[in-house]
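Welcome! Take a look at it first, then read on.

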Amino acid sequence: MKDPAENQFRELSWRQQLTDAERAALHQFLATHPEAKADWETEAQLNSLLEKLPEAPPVASNFTAQVMQAVERETAGRTRPRNAGGWRWLSFQTWAARGAAACLVVGVSCFAIYQHQLGERRMMAQNVAALAEAYSATGPVPAEDFDSIQRLDGATPAKPDIDLIALMK
């Protein structure tokens with residue numbers, strides 16, 4: 001296939017039977033290039049098999065237009081949804097997918113709310129335990145004035161200082 005003369009002989013054999021002069025030139029070429037002989041024999045066998053095939057029926061004059069229309073129909077069929085009617089949103093698959101997504105969102109939301117409430121309850125229990133410990137350590141006197149002391153500060157409600165309460169014991 002690298003030699004242009006070999007390509008020329010191949011193309012000639014594809015189109016018609018080689019003339020005597022062309023066959024003589026081919027034999028001379030094959031004598032000088034023995035490595036191309038196996039390829040040429042394969043090519044000759046293939047050409048003889050192709051000649052035995054029946055002639056193809058003539059192609060219609062608008063064949064290209066028909067092919068292009070078929071391609072356009074196929075392309076349009078791929079881009080259009082399967083259920084192109086106005087009732088597509090009512091199909092079972094759509095409802096099933098939407099229902100599954102909604103159940104997932106509700107389930108995750110409920111779990112998140114439960115975890116948040118659980119954390120709040122734990123924090124409240126710790127605060128109550130710390131307050132009870134502080135109350136038992138100091139007695140009822142600081143608790144009586146707690147509201148007035150808290151209003152004087154003007155800041156956010158103070159959390160009990162556990163270390164300070166432990167030192168007071």
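## Serine 13 and its surroundings

Serine 13 touches Leu18, Trp40 and Asn47, leaving aside residues up to four places away in sequence. Please keep in mind that this is a predicted model.

**Around serine 13**

- You will find serine 13 in helix H1, which covers residues 4–15.
- Is serine 13 buried or exposed? Serine 13 counts as buried because its relative accessibility is 11%, and buried means under 20%.
- One of the residues that serine 13 touches is Asn47, and the side chains of serine 13 and asparagine 47 are joined by a polar contact of 3.0 Å.
- With a relative accessibility of 32%, serine 48 counts as partly exposed.
- Serine 48 and serine 13 are 35 residues apart along the chain, and 9.9 Å separates their C-alpha atoms.

**Charged pairs**

- Side chains of opposite charge can pair when their charged atoms come close.
- How many salt bridges does a search of the whole structure find? The search finds 2 salt bridges.
- One of them is formed by glutamate 43 and arginine 10, whose closest N and O atoms are 2.9 Å apart. This pair links distant parts of the chain, since glutamate 43 is in helix H3 and arginine 10 is in helix H1, 33 residues apart.
- Glutamate 43 has a relative accessibility of 11%, so it counts as buried. Arginine 10 is buried too, with a relative accessible area of 7%.
- Another salt bridge is formed by arginine 23 and aspartate 20, with 3.2 Å between the closest N and O atoms.
- Why are arginine 23 and aspartate 20 separated by about one helical turn? The reason is that they are 3 residues apart in helix H2, which covers residues 20–32.
- Arginine 23 is partly exposed, at a relative accessible area of 37%, whereas aspartate 20 is exposed, at 58%.

- Which residues make the nonpolar surface patch of about 340 Å²? The patch is made by Val59, Phe63, Val67 and Val71.
- Valine 59 has its place in the loop between helix H3 (37–52) and helix H4 (63–79).
- Valine 59 counts as exposed because its relative accessibility is 58%, and the cut-off for exposed is over 50%.

**Cysteines**

- The count of disulfides comes to 0.
- Cysteine 103 has a relative accessibility of 58%, so it counts as exposed.
- Cysteine 110 is partly exposed, and its relative accessible area is 48%.

**The chain as a whole**

- What pattern does the chain follow along the sequence? Reading along the sequence gives α-α-α-α-α-α-α-α, and the chain has 8 helices and 0 strands.
- The chain has 169 residues, of which 10% count as buried.
- Serine 13, glutamate 43 and arginine 10 are among the residues described above as buried.
- Among the contacts in the chain with a separation of 6 or more, 48% are between residues 24 or more positions apart.
- The chain has an accessible surface of about 14500 Å², and carbon and sulfur atoms account for 62% of that surface.

Conventions: Residues numbered from 1 in each chain as written. Predicted model: local features only at pLDDT ≥ 70, side-chain atom pairs only at ≥ 80, totals over all residues. Heavy atoms only, no water. Helix = DSSP H or I, 4+ residues; strand = E, 2+ residues; numbered from the N terminus. Buried < 20%, exposed > 50% of the residue type's maximum accessible area, 1.4 Å probe, protein only. Polar contact = N/O pair within 3.5 Å; in protein donor to acceptor, adjacent residues only side chain to side chain. Contact = heavy atoms within 4.5 Å. Patch = residues over 30% accessible without salt bridge, like charges linked within 9 Å, V, L, I, M, F, W, Y side chains within 5 Å. Areas by Shrake-Rupley, 256 points an atom, 1.4 Å probe, with all protein chains shown as cover. Salt bridge = Lys/Arg side-chain N within 4 Å of Asp/Glu carboxyl O. Disulfide = S-S within 2.5 Å.
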